[in-house]
Amino acid sequence: MEKYNLILLGPPGAGKGTHAEALKREFNVEHISTGDMLRAAVRGGTELGKLAQEYMNAGALVPDEVVIGIVRDRLIATRPERVLFDGFPRTPAQAEALEQVCLQVGLPRAIVIYLEVSDDEVVSRLSGRLQCHNCAKIYNTRYDQIEAGSECPACEGEVYQREDDKAEAIRQRLRVYREQTAPLFDYYRYRGPLVEVRAEGSTIEALSAEVVAAVRGAAD
Ligand code: ADP
């Protein structure tokens, strides 16, 4: 396991952020979530945030060169030994750029974890999803006693519904995923190692355990 990065691939709402938490606990990886980085930029009102906000609210992808730039800057600034990429890459151009940057900063190749979830499940999960403004922890009104505006049980920040978790944006994100991100499955299948986990129909804990076990299996 020491010799790999990890990449979480899957539709919006597949549980990338949730399983990322389990993977971080289990393996010594730096977690890079482009979604969280972009949302932080939006909150901070930076130039990047202003540019990203419209794309994000509409459920569209932020342009490749922008996202590739922030990932590259982060890797060059922090020089991690191993990384868990969450929400990146999302297009073939991002996947190619990632390979280049990893070579440049001396990062190893990745085990790709493909989280498979049906469209119906995605819509149902995302429409109940809430996130903490402060610590970015994710909750769901389906499982947690929580509503928009509540205090985050983890850090006391405010919990809110993301603009892109509203119905129309969810449909758009699924379209974008099918058109631009799903082709990465084939891209990585031929490069390997790629593991597939059916990420629904069980508890979060059980699914996280499956994800961790699948990574261990692929690393052996
Ligand atoms: P989800 O996986 O649930 O859609 P994310 O937090 O990963 O949520 O992404 C939210 C939004 O941030 C995306 O819809 C997109 O607008 C933007 N975004 C995040 N990562 C990328 C990326 N790698 N390339 C382009 N846009 C991105």
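At what angle do the axes of helix 2 and helix 4 cross, and within what distance do they come?

## Basis of the report

This is a predicted model, in which local features need pLDDT of at least 70 and side-chain atom pairs count only at pLDDT 80 or more, while totals for chains, interfaces and linings use all residues. Residues are numbered from 1 along each chain as its sequence is written, and side-chain values use heavy atoms, with hydrogens and water left out.

## Helix 2 and helix 4

Helix 2 (residues 34-44) and helix 4 (residues 64-78) cross at roughly 100 degrees, and their axes come within 11 Å. That angle makes helix 2 roughly perpendicular to helix 4; angles of 65 to 115 degrees count as roughly perpendicular, those under 35 as roughly parallel, those over 145 as roughly antiparallel and the rest as oblique. Axes are lines fitted to C-alpha atoms, for helices over the stretch in contact, and angles run from 0 to 180 degrees between N-to-C directions. Helices (H or I, at least four residues) and strands (E, at least two) are DSSP runs, numbered from the N terminus.

Helix 2 contributes T34, M37 and L38 to the contact, and helix 4 contributes V67, I70, V71 and R74; contact means heavy atoms within 4.5 Å. By class, the contact of helix 2 with helix 4 holds five nonpolar, one polar and one charged residues. Here Ala, Val, Leu, Ile, Met, Phe, Trp, Tyr, Cys and Pro count as nonpolar, Asp, Glu, Lys and Arg as charged, and the others, Gly among them, as polar.

Helix 4 also holds V66. Leaving aside residues up to four places away in sequence, V66 touches L48 and L51. The C-alpha atoms of V66 and L48 are separated by 8.2 Å, although these residues stand 18 residues apart along the chain.

## Helix 6 and helix 7

Helix 6 (residues 119-127) packs with helix 7 (residues 167-181) at an angle of about 135 degrees, the axes being 10 Å apart. Helix 6 is therefore oblique to helix 7.

From helix 6, residues D119, V122, V123, L126 and S127 meet I170, R173, L174 and R178 of helix 7. The residues of this contact comprise five nonpolar, one polar and three charged.

## Helix 5 and helix 8

The axes of helix 5 and helix 8 cross at roughly 35 degrees and come within 9 Å. This crossing is right-handed. P92, A95, E96, L98 and E99 of helix 5 make the contact with L184, Y187, Y188 and R191 of helix 8. Six of these residues are nonpolar, none is polar and three are charged.

## The ligand site

Of the 20 residues around the ligand, T34, R39, A60, Q94 and R173 come nearest; a residue is near a molecule if one of its heavy atoms lies within 4 Å of it.

A polar side-chain atom of T34 is 2.8 Å from a nitrogen atom of the ligand. For G87, a backbone N or O atom lies 2.9 Å from a ligand nitrogen atom. An N or O atom in the side chain of R129 is 3.1 Å from an oxygen atom of the ligand.

## Backbone features in the loops

Two cis peptide bonds may be noted here. One joins F88 and P89, with omega about -5 degrees, and P89 is placed in the loop between strand 3 (83-86) and helix 5 (92-105). Another runs from G192 to P193, with omega near -15 degrees, and P193 is placed in the loop between helix 8 (184-191) and strand 8 (194-198).

A136 is not a glycine, yet its phi is positive, at about 70 degrees. This residue lies in the loop between strand 5 (129-132) and strand 6 (138-140).

Key
Polar contact = N/O pair within 3.5 Å; in protein donor to acceptor, adjacent residues only side chain to side chain. Left-handed = near helix turned anticlockwise from the far one by under 90°.
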